[in-house]
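The following paragraphs guide a new reader through the structure displayed below. The account begins at the surface and then turns to the aromatic side chains.

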Amino acid sequence: MSYLDQIDKTKVPEHVAIIMDGNGRWAKERGLARMYGHQKGVEVLHDITTCAANTGVKYLTMYAFSIENWNRPVEEVSALMDILVDLIEKETITLMEKNVRLLTIGDTDMLPENVRKAFMGCIEQTKNNTGLKLIFALSYSSRWEITKAMREVTQLAIEGKVKPEEIDEQFVSRHLSTGIQGIPDPDLLIRTSGELRISNYLLWQIAYSELYFTPCRWPDFTEEEFWKAIVDYQHRERRFGKTSEQVR
């Protein structure tokens, strides 16, 4: 029986965040160049976006490129940027057809001009779409995001626009990349390829997210694997610091 048949449609996570890990290792295991893994990963991204929308997920955030990834070999970074441009140019029509809205979080000023232009164009074109919100974390780092928010909050305090006692968790959240765009905290974080770490991804936002780690490499991550993660999520009890009796 498919995991899809086991999903409770009334308890689908509103926001799923994914760390798409394992492209390079997938290619290496097959005697291929790392770029083949990234290209295969793009195909999976297309499939999982469609799958998430059809399953009832409202927000899907994909860790596409971290600030730390700029430290990779220049040739690989350049190839990844080309893949991103090609992806957006090919997928914009599909996003429009499927009523998907594209958003980004991260320091996009660090992106090459052609990459930034491609994404900004797609964001503008899809801004009125009302279906799934697909968020690309591009040149993203959670520590960068939190540091940037703190600078902004500090400046507001210096200008007398906010009092220290007014700065609470909700205030901080509203100044993060996600909060500025009205993106709720993830209910479920999925990481592929067997790594058991968060890698500087949405550290503030995942404070109470359910974490799901799978050994499956991202290029092998199918719709069935996605549904399996949703079923696992639905079997958990989310207490947010309360007792089981309080949340039942």
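**From a surface patch to the aromatic pairs**

In this predicted model, F213 is found in strand β6, which spans residues 210-213. The relative accessibility of F213 is 31%, and the residue therefore counts as partly exposed, a class that lies between buried, under 20%, and exposed, over 50%. F213 also belongs to a nonpolar patch on the surface, which it forms with L196 and L211. Together, the residues of this patch have about 270 Å² of accessible area.

Attention may now pass to the aromatic rings. How many aromatic pairs does the count give? The count comes to six aromatic pairs. One of these is formed by F119 and F136, whose rings lie 5.4 Å apart, centre to centre. The angle between their planes is 70 degrees, and the pair is edge-to-face; planes over 60 degrees apart are placed in that class. F119 lies in helix α4 (residues 113-125) and F136 in strand β4 (residues 133-140), so this pair ties together parts that are 17 residues apart in sequence. Both F119 and F136 are buried.

A further aromatic pair consists of W218 and F221, with 5.3 Å from centre to centre. Here the planes stand at 20 degrees to each other, and the pair is stacked, the term used for planes under 30 degrees apart. W218 and F221 are each buried.

Lastly, there is a grouping of tyrosines to consider: Y63, Y140 and Y201 form one aromatic cluster.

Terms used: Residues numbered from 1 in each chain as written. Predicted model: local features only at pLDDT ≥ 70, side-chain atom pairs only at ≥ 80, totals over all residues. Heavy atoms only, no water. Patch = residues over 30% accessible without salt bridge, like charges linked within 9 Å, V, L, I, M, F, W, Y side chains within 5 Å. Areas by Shrake-Rupley, 256 points an atom, 1.4 Å probe, with all protein chains shown as cover. Salt bridge = Lys/Arg side-chain N within 4 Å of Asp/Glu carboxyl O. Helix = DSSP H or I, 4+ residues; strand = E, 2+ residues; numbered from the N terminus. Buried < 20%, exposed > 50% of the residue type's maximum accessible area, 1.4 Å probe, protein only. Phe/Tyr/Trp six-rings, centres within 6.5 Å; stacked < 30°, edge-to-face > 60°.
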